[in-house]
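Open the model in your viewer and keep the selection tool at hand. The stops below go from the whole chain to single side chains.

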Amino acid sequence: MASLRLPNLITRSLSGRAAAHRAMAKAALFADSSTRTRLNRYNHHIAKAQQLEARLADTAKRSAGGMA
């Protein structure tokens with residue numbers, strides 16, 4: 001039952017969303033649109049993935065600090 005605790009669900013959600021944004025960034029590179037549009041979409045999704053990963057790291061620090 002430990003896997004159903006809220007911090008675990010948040011961690012899974014953030015990591016899954018970050019992975020989805022990385023996949024969308026890769027897909028943007030191969031889209032049928034202009035180079036500028038593809039680059040903008042790629043940069044947007046990579047930035048969003050990095051934000052989510054930063055939130056994930058912050059969440060991990062908080063949960064580790066709270067349990068110690």
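The tour starts with the overall fold and then visits individual residues.

**Whole chain.** This is a predicted model. Show the cartoon: the protein chain has two helices and zero strands. Colour by accessibility next. Of the 68 residues, 12% are buried. The chain exposes about 5100 Å², and carbon and sulfur atoms supply 59% of that area.

**H45.** Select H45, in helix α2 (residues 35–67). Is H45 buried or exposed? Its relative accessibility is 12%, under the 20% cut-off, so H45 counts as buried. Show its surroundings. Beyond neighbours within four places in sequence, H45 contacts H21, M24 and A25.

**Salt bridges.** The structure has two. Select E53 and R22 for one of them: the closest N and O atoms are 2.3 Å apart. R22 belongs to helix α1 (residues 6–29) and E53 to helix α2, so this pair ties together parts that are 31 residues apart in sequence. Check the surface here. E53 is partly exposed at 35% relative accessibility, and R22 is partly exposed at 33%.

Move on to R62 and D58. Their side chains form a salt bridge, with 3.3 Å from N to O. Both residues sit in helix α2, four residues apart, which means about one helical turn separates them. R62 is exposed, at 61% relative accessibility. D58 is partly exposed, at 34%.

Technical notes
Residues are numbered from 1 along each chain as its sequence is written. This is a predicted model: local features need pLDDT of at least 70, side-chain atom pairs count only at pLDDT 80 or more; totals for chains, interfaces and linings use all residues. Side-chain values use heavy atoms; hydrogens and water are left out. Buried means under 20% relative accessible area, exposed over 50%, partly exposed in between (1.4 Å probe, protein chains only). Contact means heavy atoms within 4.5 Å. Accessible areas come from the Shrake-Rupley method with a 1.4 Å probe; for residues, only the protein chains shown count as cover. A salt bridge is a side-chain nitrogen of Lys or Arg within 4 Å of a carboxyl oxygen of Asp or Glu.
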